Amino acid sequence: MKKVAIIGAGIVGATAAYYLSKEADLEVTVFDHGQGQATKAAAGIISPWFSKRRNKAWYKIARLGADFYVGLLADLEKSGQEIDFYQRSGVFLLKKDESKLEELYELALQRREESPLIGRLAILDQASANNYFPGLRGFDRLLYASGGARVDGHLLVNRLLEASQVKLVKEKVSLTPLAAGYQIGEEVFDQVILATGAWLGHILEPLGYEVDVRPQKGQLRDYQLSKDLASHPVVMPEGEWDLIPFAGGELSLGATHENDMGFDLTVDETLLQQMEEAALPSYPALAEATIRGERVGIRAYTSDFSPFFGQVPGLEGVYAASGLGSSGLTTGPIIGYHLAQLAQEKELTLDPAAYPIANYVKRVKRE
């Protein structure tokens with residue numbers, strides 16, 4: 001039986017573990033140090049269709065990543081899991097310059113031809129928008145797409161790991177190449193998937209690699225309101241704050257984008273307060289909400305803000321992905337699935353050549 005190790009139990013690693021666990025001839029072990037995982041602190045919005053990034057490869061993986069959830073939900077249901085982590089409740093886009101809404105509306109109309117998941121599109125006035133999200137203020141018009149979804153990333157990861165029933169080892173590990181296979185802890189594995197996000201360099205640099213991945217700190221705050229928010233759309237204004245409503249009156253506000261903070265996981269009350277003050281004019285009810293807690297995670301970015309995945313150059317049987325940035329909950333599942341497919345040499349939907357790992361993971365030339 002072939003032994004496969006996955007280092008990292010976030011959205012990428014958990015998805016890879018789930019799909020590999022379906023193979024009877026594989027024994028899968030997941031390692032995770034349990035600190036700073038971006039998935040646990042993610043804002044949880046699936047709505048890539050309004051992005052104006054010129055990177056066509058990025059948009060393709062984000063678009064297909066949103067579509068991928070349809071199959072993932074069906075697979076998890078067949079595995080006996082609840083799918084309470086995902087709801088297509090719609091999304092509101094707010095713009096300071098509301099004339100941009102027409103442009104975004106036209107862009108989304110074009111993209112809906114290949115992405116029907118976008119659903120109904122409309123530019124709504126405040127009164128109409130309040131039928132969906134009572135109490136929202138501070139705008140004359142906004143753009144609505146019924147297909148926008150919210151995801152509880154932490155709950156999704158738990159569902160994936162529960163369904164996979166793989167061995168989970170909660171410790172920090174390193175990777176040692178052997179003549180045959182790779183040693184992690186006291187075990188030897190035939191194949192390894194590195195789903196370590198911003199920590200990829202910590203694994204590969206000791207093996208003589210330069211890794212173009214930098215950490216970005218993200219913080220969000222969770223609130224409790226007295227009314228149920230299950231059917232409320234996600235609210236995406238310009239700036240750092242988004243409102244992500246959940247069933248049972250839970251509401252998340254976030255997330256910050258903090259560069260040059262390294263792997264610092266401390267809560268910055270000042271930044272969270274600034275984010276709340278920025279959101280209050282749009283949603284005054286936030287002032288009456290009870291603070292439930294804060295979450296801090298570390299996103300992974302490359303120097304050109306592009307994600308990558310594939311076999312690590314020079315390490316046969318070792319596959320890696322990183323650089324997902326703030327779109328990790330959108331692109332993470334489909335990338336994790338592709339890493340599982342690569343490990344089994346199965347057919348791929350996405351071409352790894354469009355997301356070349358060799359551009360970001362390079363062997364250091366020794367003198």
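Me: Is Val188 buried, exposed or partly exposed?
Reply: This is a predicted model. In it, Val188 has 37% relative accessibility. Buried means under 20% and exposed means over 50%, so Val188 counts as partly exposed.

Me: Where is Val188 found?
Reply: Val188 is in strand β12, residues 187-189.

Me: And what does Val188 touch, leaving out residues up to four places away in sequence?
Reply: Lys3, Leu178, Ala180, Gly181, Tyr182 and Gln183.

Me: How far apart are Val188 and Arg137 in space?
Reply: They are 58 Å apart, C-alpha to C-alpha. In sequence, 51 residues separate Val188 and Arg137.

Me: Back to Lys3. Which ring does Lys3 lie over?
Reply: Lys3 lies over the face of Phe189, at 5.1 Å from the ring centre.

Me: What about Arg111, which ring is that one over?
Reply: Tyr59. Arg111 sits over the face of Tyr59, 3.9 Å from the ring centre.

Me: At what angle do α2 and α8 pack?
Reply: About 70°, and the axes of α2 and α8 are 7 Å apart. Angles from 65 to 115 degrees count as roughly perpendicular, so that is how α2 and α8 are placed relative to each other.

Me: Which residues meet there?
Reply: From α2, Ile61, Ala62, Leu64, Gly65, Ala66, Phe68, Tyr69 and Leu72 take part. From α8, Leu329, Thr330, Thr331, Pro333, Ile334, Ile335 and Tyr337 meet them.

Me: How do the residues of that contact divide into nonpolar, polar and charged?
Reply: The contact of α2 with α8 has 12 nonpolar residues, 3 polar and no charged.

Me: Let's talk rings. How many aromatic pairs are there?
Reply: The count comes to 14 aromatic pairs. One of them is Tyr19 with Tyr337, an edge-to-face pair. Their centres are 5.0 Å apart, with 80° between the planes.

Me: Where do Tyr19 and Tyr337 sit in the chain?
Reply: Tyr19 is in helix α1 and Tyr337 is in helix α8. The two are 318 residues apart, and the pair links distant parts of the chain.

Me: Are those two buried or exposed?
Reply: Tyr19 has a relative accessible area of 9%, so Tyr19 is buried. Tyr337 has 21%, so Tyr337 is partly exposed.

Me: Which residues form one aromatic cluster?
Reply: Tyr18, Tyr19, Phe68 and Tyr337 form one cluster.

Me: On to Tyr132. Where is its place?
Reply: Tyr132 is in helix α4. Its relative accessible area is 26%, so Tyr132 is partly exposed.

Me: What does Tyr132 touch, again leaving out residues up to four places away in sequence?
Reply: Phe92, Arg120, Leu124, Tyr144, Ser231, His232 and Pro233.

Me: And how far is Tyr132 from Ser89?
Reply: Their C-alpha atoms are separated by 9.4 Å. Along the chain, Tyr132 and Ser89 are 43 residues apart.

Me: Is Phe92 buried or exposed?
Reply: Phe92 is buried, with a relative accessible area of 0%.

Me: Last topic, the backbone. Which residues does a cis peptide bond join?
Reply: Gly254 and Ala255, with omega about 0°. Ala255 is in the loop between β18 (250-254) and α7 (269-279).

Me: What is phi for Gln165?
Reply: Near 55°, a positive value in a residue other than glycine. Gln165 lies in the loop between α5 and β9 (167-169). At 70% relative accessibility, Gln165 counts as exposed.

Me: And Glu345, what is its phi?
Reply: About 55°, positive although Glu345 is not a glycine. Its place is in the loop between α8 and β22 (361-363). Glu345 counts as exposed, at 73% relative accessibility.

Key:
Residues are numbered from 1 along each chain as its sequence is written. This is a predicted model: local features need pLDDT of at least 70, side-chain atom pairs count only at pLDDT 80 or more; totals for chains, interfaces and linings use all residues. Side-chain values use heavy atoms; hydrogens and water are left out. Axes are lines fitted to C-alpha atoms, for helices over the stretch in contact, and angles run from 0 to 180 degrees between N-to-C directions. Helices (H or I, at least four residues) and strands (E, at least two) are DSSP runs, numbered from the N terminus. Angles under 35 degrees count as roughly parallel, over 145 as roughly antiparallel, 65 to 115 as roughly perpendicular and the rest as oblique. Contact means heavy atoms within 4.5 Å. Ala, Val, Leu, Ile, Met, Phe, Trp, Tyr, Cys and Pro count as nonpolar, Asp, Glu, Lys and Arg as charged, and the others, Gly among them, as polar. Rings of Phe, Tyr and Trp (its six-membered ring) pair if their centres lie within 6.5 Å; planes under 30 degrees apart count as stacked, over 60 as edge-to-face and the rest as tilted. Buried means under 20% relative accessible area, exposed over 50%, partly exposed in between (1.4 Å probe, protein chains only). A charge sits over a ring if NZ of Lys or CZ of Arg is within 6 Å of the ring centre and within 35 degrees of the ring normal.
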